[in-house]
Amino acid sequence: MKETNTTAKKQSFFRSNPVINRLNKVEERAAYDEKSAGYGRITAKTAFFLLVTVAGMMAYLVMKATVFANQPEAIHFNYKGFEVSTSVMQLGFFVGAGILAIITQIVAAFARRTIPVTGTIYSFCQGFLISFTVFTVIKGFEYLGLLALVITIAIVLVMGILYSANVIKVTKKFRLIMLTLFGTMIAVSIFSFIGYLIPFTRPFVASILGNFWVSLVLTVISIIIASLFLITDFATIDYVVTNKLPAKYEWAAAFGLAFTVLWIYVKILDLLIQIVGHSKK
């Protein structure tokens, strides 16, 4: 029995993204008179988080037309080939939304009961950040935001079909590939950050990360990892529903899926920005 339990833990460790990976370890089952998790409600809650993201995008556009309208564009910088002009207040809100998004996703990962609130705040902030990127950073190329959306939907549909048809299965080999890719990305990020902090290695690190092809490859790998997490999210949702976990776990399953979809969208948008920005030079 001990060997079986150990194997189960090994198999479930990387089954899903950090937001909902612990759902695979939940042994709680819905009581006889208690509602169990359902696919329909998980889908509705996922749609809720995505709609909140849209609300965040709209909020930025409203603030851009009102609060930020009369602010002087005192800050100018180049972002991956795009000349950006923004105000101190506008950039301040952007940084604030980014910090809040990081905090809420961490809280959601460790305090699952807070997801209805933290997940909503995170989704709203992500929408704000996306809107700032699309309508300010790449102003004049807003169509890239729509193109990224189309590609994201295509990826979600394709991965969903592949999972449903058992073409891609969450096997030990599959998890090993995920672990390798994910670990590589983390290692690269950590060493890059440390290298950039050291004055002696900073020019070297900056030249490598500033290289178009290196950046492009890293972004593509990130998209692959995000897509793999999407498959594991589907497997986790199946686990939640088929094992009749209480309905309270629907929020975690839904936010995990929404989190991955937004992750894919942001990385695809970044990829398109890099390609178009490089072509402008």
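Thr219 is located in helix H8, which spans residues 212-242; helices (H or I, at least four residues) are DSSP runs numbered from the N terminus. The structure is a predicted model, in which local features need pLDDT of at least 70 and side-chain atom pairs count only at pLDDT 80 or more, whereas totals for chains, interfaces and linings use all residues. Residues are numbered from 1 along each chain as its sequence is written, and side-chain values use heavy atoms, with hydrogens and water left out.

With a relative accessible area of 4%, Thr219 is buried (under 20% relative accessible area, 1.4 Å probe, protein chains only). Not counting residues up to four places away in sequence, Thr219 touches Lys267, Asp270, Leu271 and Gln274, a contact being heavy atoms within 4.5 Å.

The second largest pocket holds about 510 Å³ of space. A pocket is an open set of points on a 1 Å grid over the protein atoms alone, where a 1.4 Å probe fits, with protein on both sides within 12 Å along at least five of seven lines; lining residues have an atom within 4 Å of a point. The volume is the space filled by probe spheres set on the points. This pocket is lined by 22 residues, of which Val54, Leu149, Ile153, Leu262 and Tyr265 are the closest to its centre. Two or more lining residues come from each of helices H2 (39-65), H4 (115-137), H5 (143-164) and H9 (250-280); H5 contributes the most, with seven.

Regarding confidence, the chain averages a pLDDT of 84, and 87% of the residues score at least 70; pLDDT is the predictor's confidence in each residue, from 0 to 100.

Terms used. Buried < 20%, exposed > 50% of the residue type's maximum accessible area, 1.4 Å probe, protein only.
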